[in-house]
Amino acid sequence: MGQIEWAMWANEQALAAGLILLIGGVVGVAGQFKHWEFAAYGVAAGVFIMLLEYPRGKRRKGTTMERPGQRFLAAVVKLFGPLTRNYYVRAVLHACLAVPGGFILPTVLGTVSLGIASLIYLLAAIREEEWKPILHQSSETSRVGKSIHQPPMNPPPRPPAEQRRKQADNIPAAAAYVVATPITANSQ
């Protein structure tokens, strides 16, 4: 069984936490809660977290599905270098961003989710994981017609290629023609 890549879990958790924090902030501001300033902070923090966490990092092995439009935000995240690439920094950043949201009820759920994401990022950093951008791969479509040089002569089931070569070497050319042509029955 392979190693778990904790950064992928943390990325999804933090993205969801940013959305929850944003929604809770909107509810707190629109509902005119007491200390609504913390709710306004939740809106700003939620947007920032979602922009930071939207681009997925490249996995160590295997393929990583790129989110739609992530290439543009990944360039911005890559621009900040070790501040956004290092998971220790992300763990501390998310922990610090989570604290003010705990002072008002609508943003508490987002704060708890962001705290959990911070702990998962800390675990990913301890396991020496690092954010790397997904490089755009040009997909070359291979045509099936070009890969098949000569269609099969025998109907299935066919013997392995080695046996077919041995049979073709042992049979004279006229007999090979008879063996290779299919037999058709006239039905009336």
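Predicted model: local features only at pLDDT ≥ 70, side-chain atom pairs only at ≥ 80, totals over all residues.
Colleague: Thanks! How many helices and strands does the chain have?
Modeller: There are 9 helices and 0 strands. Going along the sequence, the pattern reads α-α-α-α-α-α-α-α-α.

Colleague: Let's pick a helix pair. How do H1 and H6 cross?
Modeller: Helix H1 covers residues 6-30 and helix H6 covers residues 108-126. Their axes come within 8 Å and cross at roughly 160°. H1 and H6 are therefore roughly antiparallel to each other.

Colleague: Left-handed or right-handed?
Modeller: The H1 and H6 crossing is left-handed.

Colleague: Which residues make that contact?
Modeller: On the H1 side they include Trp6, Trp9, Ala14 and Leu21. On the H6 side, Leu109, Thr111, Ile116 and Tyr121 are among them. By class, the contact of H1 with H6 has 16 nonpolar and 5 polar residues, with no charged ones.

Colleague: You mentioned Thr111. Is it buried or exposed?
Modeller: Threonine 111, which sits in helix H6, has 15% relative accessibility, so it counts as buried.

Colleague: What is threonine 111 in contact with, leaving aside neighbours within four places in sequence?
Modeller: Threonine 111 is then in contact with Leu21, Ala98, Gly101 and Gly102.

Colleague: Back to H1. How does it cross H2?
Modeller: H2 spans residues 36-53, and the axes of H1 and H2 come within 7 Å, crossing at roughly 150°. Angles over 145 degrees count as roughly antiparallel, and that makes H1 roughly antiparallel to H2. The crossing of H1 and H2 is left-handed.

Colleague: Which residues meet there?
Modeller: From H1 they include Asn11, Leu15, Gly18, Leu22 and Val29. From H2, Trp36, Ala40, Val43, Met50 and Glu53 are among them. The contact of H1 with H2 has 15 nonpolar, 6 polar and 1 charged residues by class.

Colleague: What sits in the loop between H1 and H2?
Modeller: One of the residues found in that loop is glutamine 32. Glutamine 32 has a positive phi of about 50° although it is not a glycine. With 69% relative accessibility, glutamine 32 counts as exposed.

Colleague: And what is the phi of glutamate 128?
Modeller: Glutamate 128 has a positive phi too, of about 60°, and it is not a glycine. Glutamate 128 lies in the loop between H6 and helix H7 (144-147). At 69% relative accessibility, glutamate 128 counts as exposed.

Colleague: New topic: where does arginine 164 lie?
Modeller: Arginine 164 is in helix H8, residues 161-170. Its relative accessibility is 34%, so arginine 164 counts as partly exposed.

Colleague: Which residues is arginine 164 in contact with, again leaving aside those within four places in sequence?
Modeller: Those are Asn154, Arg158 and Pro159. Arginine 164 and asparagine 154 are 10 residues apart in sequence, and C-alpha to C-alpha they are 9.6 Å apart in space.

Key. Residues numbered from 1 in each chain as written. Heavy atoms only, no water. Helix = DSSP H or I, 4+ residues; strand = E, 2+ residues; numbered from the N terminus. Axes fitted to C-alpha atoms, helices over the stretch in contact; angles between N-to-C directions. Parallel < 35°, antiparallel > 145°, perpendicular 65-115°, else oblique. Left-handed = near helix turned anticlockwise from the far one by under 90°. Contact = heavy atoms within 4.5 Å. Nonpolar A, V, L, I, M, F, W, Y, C, P; charged D, E, K, R; others polar. Buried < 20%, exposed > 50% of the residue type's maximum accessible area, 1.4 Å probe, protein only.
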